[in-house]
Amino acid sequence: MNSKALPRQINNIEVGVYECEIHLKFRLIEEKSLLGDREQLLQVLLDALTEGSDDFLETLQASVKAQEVSEFKASPQMRRQLMRLRNSVDNNNSQ
């Protein structure tokens, strides 16, 4: 995941912890050898989905759910990152 997904130049930013669920169903024309490497396959699928349907990818169903959850459900590493982001926002607002 991109660690720079949150733009830091926005002054009144509020951050939280979210659980996201994505269900996708599609047809794909791809090399058979790719199906053995889950990480590489996931990256290829994400790249293909961001570019949209074409002659090699046919989206059949897509649904996305996201809901904010208590930050205490996050890992200690995520909670530390959340504190850093909040402190960064506080420091930017006080300058």
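**Close-up 1. Glu58 and its salt bridge to Arg27.** Glu58 is partly exposed, with 41% relative accessible area. The model shown is predicted. Glu58 pairs with Arg27 in a salt bridge. Their closest N and O atoms lie 3.1 Å apart. Arg27 sits in strand β1 (residues 17-28), while Glu58 belongs to strand β2 (residues 57-69). The pair therefore ties together parts that are 31 residues apart in sequence.

**Close-up 2. The salt bridge between Arg86 and Glu71**. Here the closest N and O atoms are 2.9 Å apart. Arg86 is part of helix α2 (residues 76-94). Glu71 lies in the loop between β2 and α2. Arg86 is partly exposed, at 33% relative accessibility. Glu71 is also partly exposed, with a relative accessible area of 25%. The count of salt bridges in the model is two.

**Close-up 3. Val64 in strand β2**. Val64 is exposed, with 64% relative accessibility; the cut-off for exposed is over 50%. Leaving aside residues up to four places away in sequence, Val64 touches Glu21 and Ile22.

**Close-up 4. C-alpha separation of Val64 and Leu24**. These two residues are 40 residues apart along the chain. Their C-alpha atoms are separated by 8.7 Å.

Technical notes
Residues are numbered from 1 along each chain as its sequence is written. This is a predicted model: local features need pLDDT of at least 70, side-chain atom pairs count only at pLDDT 80 or more; totals for chains, interfaces and linings use all residues. Side-chain values use heavy atoms; hydrogens and water are left out. A salt bridge is a side-chain nitrogen of Lys or Arg within 4 Å of a carboxyl oxygen of Asp or Glu. Helices (H or I, at least four residues) and strands (E, at least two) are DSSP runs, numbered from the N terminus. Buried means under 20% relative accessible area, exposed over 50%, partly exposed in between (1.4 Å probe, protein chains only). Contact means heavy atoms within 4.5 Å.
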